[in-house]
Amino acid sequence: MIGRHERPAPNSPDGDSPRYPGQGSLVEESTGSPRRRRPRWLRIGVIVVAAAVVGVLCFGGYWLWRLQSNISTTSLGAGGQRSEGPVDDRKDRLQILVLGSDTRSGKNSQYGTADQSSGYGQSDVMMLVDISADNNHVNVISFPRDLLVDVPACKDQASNEQHDARPGVMINSAMAEAGIGCAVDTVNKLTGLEVDHFMMADFNAVKELTTTVGGVDVCVNSAVDDSDSGLHLPKGTSQVQGDQALAFLRTRHAFADGGDLGRIKAQQSFLGSLTRKLKSEGTLSDPQKLLGIADTMTKNLTVDTGLASVPALLTIGDRLKNIDPAKVNFITVPTVPAPSDPNRLGLDEPAASNLFAALRNSADLTQAGTPSPAPSSSEAKPAFDKALQPISIANGTGVTGRSNAIAALVTAAGYTKTVRLQGQPRAQTMVYYQAGFADVAADIAGMFGLPAANVQEVTGIQGVQLYAGEDFVSGDKPAQSTTQGNIPTQTANDQTCQATNPVG
């Protein structure tokens, strides 16, 4: 008989013992034996590991919060129509518009007064960064701030104020009234591309970034002493950071002919040198250095809402970190002095259109080759009566009477309603057309082997105009254009020395 304080052995077969689901034999050591205590070192190790994990999480959380709170954002556009959907930043081709604001508001007041530039400011620097889907090619296209363009109607996303379209104004004024989104819409209209993201930095960003990375090497072929920008450099290679780095990027008088194009070349060389430095020192793969750069940039950076997170910015950085500097092309949009103002610039056509067409086709400009001819309807019967189409022949070849021979070619093809005009000399032959005459223009361009980039819709003409250039001084067709195949570039791998302006 079992006493009141006695229990049957755990494995007792006593039939009177109640059974329950899951009852089974217990391990011998699990009852009646004192609990074996873990070694002290093991308990201490667990505590240390747990503390380390908590520390890492707190550190990572702090930096995520800090970087995230640094970021300023605004809308990507200002009302412009888009035909493309959102891209996958991890694997799609990307176009990022990089802007440098010249605003003197806030912490930038030391560089001038508010009457020079305030609020959004003007784009002191405008570069379109084009990253191929396979990360093998990057194009950095610079737009001179003196370039005259047509700014579309824009809506200020902050104030909801609508601003009318402005034809023939400097491209750097695009964001001054309606904000950064208006600069994006202007570049979209100009190039036919659709910008995916933007990043805008101010003067302070350059100063702090160059200090954080320990300076950037620059080279000049003679000493520079520019009182306007404050740039003072000896002949040869120097390392600049802070105010001197900013002065190198801002000076207009020190380089080349003292204009904007010389300044752009210096900016491109500076970025190439910075790229080589970050690459050679492994900065983008060093977490400590990368955090310092990220902290500096995010404090001085405004981005579109699509980049308004630390992971999004890290995705862009991750795509760029392994790119060969020799595959980073710096390109300046082809320009000529503007007819309306020799102190301003206009697009050099058709070179500019050829460049934009090549970019729309591929980020790999080495594969651009010769532009494809405009589609021609000559082989098939066109959907219009050639004899009724108004065609004008403008002679810009520089050869007196050349329009007569070209008009004869057009007439022989069936276009009998022609007139001949004397035009100003131009380098390459173009086809211009009135709205509604695109098919006729394509047929004319196809007859003469002209690329699609040499065909443009314009106002102020009737029907179609074949504007013969200096490439069409003889023969039945213009000489083959090589403009697109010889797009002037320098790469981030090129170590260049800036030609200085003796006057500056």
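The model is a predicted one, in which local features need pLDDT of at least 70 and side-chain atom pairs count only at pLDDT 80 or more, while totals for chains, interfaces and linings use all residues. Residues are numbered from 1 along each chain as its sequence is written, and side-chain values use heavy atoms, with hydrogens and water left out.

Taken as a whole, the chain holds eleven helices and 23 strands, where helices (H or I, at least four residues) and strands (E, at least two) are DSSP runs numbered from the N terminus.

Next, the helix pairs. Two packed helices are described by the angle between their axes and the distance between the axes. Here the axes are lines fitted to C-alpha atoms over the stretch in contact, and angles run from 0 to 180 degrees between N-to-C directions. Helix H4 (residues 203–212) and helix H5 (residues 243–250) have axes that come within 8 Å and cross at roughly 130°. H4 and H5 are therefore oblique to each other, the word used for whatever is left once angles under 35 degrees are called roughly parallel, over 145 roughly antiparallel and 65 to 115 roughly perpendicular. On the H4 side, Phe203, Val206, Lys207 and Thr210 do the touching, and they meet Asp243, Ala245, Leu246, Leu249 and Arg250 of H5. By type, the residues of this contact split into five nonpolar, one polar and three charged (Ala, Val, Leu, Ile, Met, Phe, Trp, Tyr, Cys and Pro count as nonpolar, Asp, Glu, Lys and Arg as charged, and the others, Gly among them, as polar).

H5 also packs against helix H6 (residues 260–280), at an angle of about 135° and with the axes 8 Å apart. H5 and H6 are therefore oblique to each other. Ala245, Phe248, Leu249 and Arg250 of H5 meet Arg263, Ala266, Gln267 and Phe270 of H6, a set made up of five nonpolar, one polar and two charged residues. H6 also carries Lys277, which is buried, with a relative accessible area of 15%. Setting aside residues up to four places away in sequence, Lys277 touches Val213, Gly214, Gly215 and Gln239.

Helix H11 (residues 438–447) has eight of its ten residues buried, so it is largely enclosed by the rest of the structure. The buried ones are Val440, Ala441, Ala442, Asp443, Ile444, Ala445, Gly446 and Met447. Their packing partners are strand E18 (391–395), helix H10 (402–412), strand E20 (430–433), strand E21 (455–457) and strand E22 (464–468). Just after H11, Gly449 takes a positive phi of about 65°.

Finally, there is Gly77, in the loop between strand E1 (72–74) and strand E2 (94–101). Gly77 counts as partly exposed at 24% relative accessibility, a class that runs between the buried cut-off and the exposed one, over 50%. Leaving out neighbours within four places in sequence, Gly77 is in contact with Gln157, Gly181 and Asp185. Gly77 and Gly179 lie 102 residues apart in sequence but 9.0 Å apart in space, C-alpha to C-alpha.

Notes:
Contact = heavy atoms within 4.5 Å. Buried < 20%, exposed > 50% of the residue type's maximum accessible area, 1.4 Å probe, protein only.
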